[in-house]
Amino acid sequence: MRDTKYARELREPAVKKWRGGSEGRIERLYVKGTKKEEIRFSWWKNGKITTRPLDLPEDDLVELFADAVAKNIFTDSFRSKLRSVL
């Protein structure tokens with residue numbers, strides 16, 4: 001797993017890949033500056049994070065989110081709160 005000056009990955013990221021070497025990710029990170037665990041939604045191209053937002057169709061978001069749930073990116077507490085919202 002990646003460990004940079006900014007953050008350390010805590011779980012394998014959820015990934016949705018598209019043609020052309022682009023992918024969306026949901027990552028659980030320990031951010032070193034804030035000393036907090038955080039969730040990052042990110043867009044990657046050719047193996048590098050971009051400085052652009054992750055824009056994707058709802059069907060792709062559901063697929064990416066399902067992968068994040070399967071990989072335990074989200075805590076039980078978060079999933080419980082999300083069920084209440086839905």
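Colleague: Which residues make up the largest nonpolar core?

Modeller: This is a predicted model, in which local features need pLDDT of at least 70 and side-chain atom pairs count only at pLDDT 80 or more, while totals for chains, interfaces and linings use all residues. Residues are numbered from 1 along each chain as its sequence is written, and side-chain values use heavy atoms, with hydrogens and water left out. A nonpolar core is a set of buried Ala, Val, Leu, Ile, Met, Phe, Trp, Tyr and Cys residues joined through side-chain atoms within 4.5 Å, where buried means under 20% relative accessible area, exposed over 50% and partly exposed in between (1.4 Å probe, protein chains only). The largest such core has 7 residues in all: Ala-14, Ile-26, Leu-54, Leu-64, Ala-68, Ile-73 and Phe-74.

Colleague: Which residues does Leu-54 contact, leaving aside its neighbours within four places in sequence?

Modeller: Leu-54 belongs to that largest core. Contact means heavy atoms within 4.5 Å. With the sequence neighbours set aside, the partners of Leu-54 are Trp-18, Gly-24, Arg-25, Phe-41, Ser-42, Trp-43 and Leu-64.

Colleague: How many salt bridges does the structure hold?

Modeller: A salt bridge is a side-chain nitrogen of Lys or Arg within 4 Å of a carboxyl oxygen of Asp or Glu. One of them joins Arg-2 and Glu-9, whose closest N and O atoms are 3.2 Å apart. The number of salt bridges in the structure is 11.

Colleague: Which residues are linked with Arg-2 in a network of salt bridges?

Modeller: Arg-2 itself is partly exposed, at 31% relative accessible area. Besides Arg-2, the network holds Glu-9, Glu-27 and Arg-40.

Colleague: Is Glu-9 buried or exposed?

Modeller: Glu-9 is the salt-bridge partner of Arg-2. Its relative accessible area is 8%, so Glu-9 counts as buried.

Colleague: How many residues apart in sequence are the parts that Lys-71 and Glu-12 tie together?

Modeller: The side chains of Lys-71 and Glu-12 meet in a salt bridge of 3.4 Å, N to O. Lys-71 lies in the loop between helix 1 (58-70) and helix 2 (76-85), and Glu-12 in the loop between strand 1 (7-9) and strand 2 (14-18). Helices (H or I, at least four residues) and strands (E, at least two) are DSSP runs, numbered from the N terminus. The pair therefore ties together parts whose separation in residues is 59.

Colleague: Where do Lys-16 and Asp-60, another salt-bridged pair, lie?

Modeller: Their side chains meet at 4.0 Å, N to O. Together they tie parts that are 44 residues apart in sequence, because Lys-16 lies in strand 2 and Asp-60 in helix 1.

Colleague: Which side chain does Lys-16 join through a polar contact of 3.3 Å?

Modeller: Lys-16 is buried, with a relative accessible area of 13%. A polar contact is a pair of N or O atoms within 3.5 Å; within protein, one must be able to donate a hydrogen and the other to accept it, and residues adjacent in sequence count only if both atoms are side-chain atoms. For Lys-16, the side chain at 3.3 Å is that of Glu-63.

Colleague: What is the length of the polar contact between the side chains of Ser-22 and Trp-43?

Modeller: Ser-22 sits in strand 3 (residues 22-31) and is buried at 12% relative accessible area. Among its contacts beyond four places in sequence are Lys-16, Trp-43 and Trp-44. The polar contact from Ser-22 to Trp-43 comes to 2.4 Å.

Colleague: Within what arc do the buried residues of helix 1 fall?

Modeller: In helix 1, Asp-60, Leu-64, Asp-67 and Ala-68 are buried. An α-helix has 3.6 residues a turn, so residues three or four places apart point the same way. The arc is that of the directions from the helix axis to the C-beta atoms. Here the buried residues line one face of the helix, because their arc is 105°.

Colleague: Which exposed residues does the other face of helix 1 carry, turned away from its buried side?

Modeller: The buried residues of helix 1 have covers that include strand 2 and strand 3. On the face turned away from them, the exposed residues are Glu-58, Asp-59, Val-62 and Ala-70.

Colleague: What distance separates the C-alpha atoms of Lys-35 and Pro-57?

Modeller: Lys-35 is in the loop between strand 3 and strand 4 (36-45), and it counts as exposed at 64% relative accessibility. Along the chain, Lys-35 and Pro-57 are 22 residues apart, and their C-alpha atoms are separated by 32 Å.
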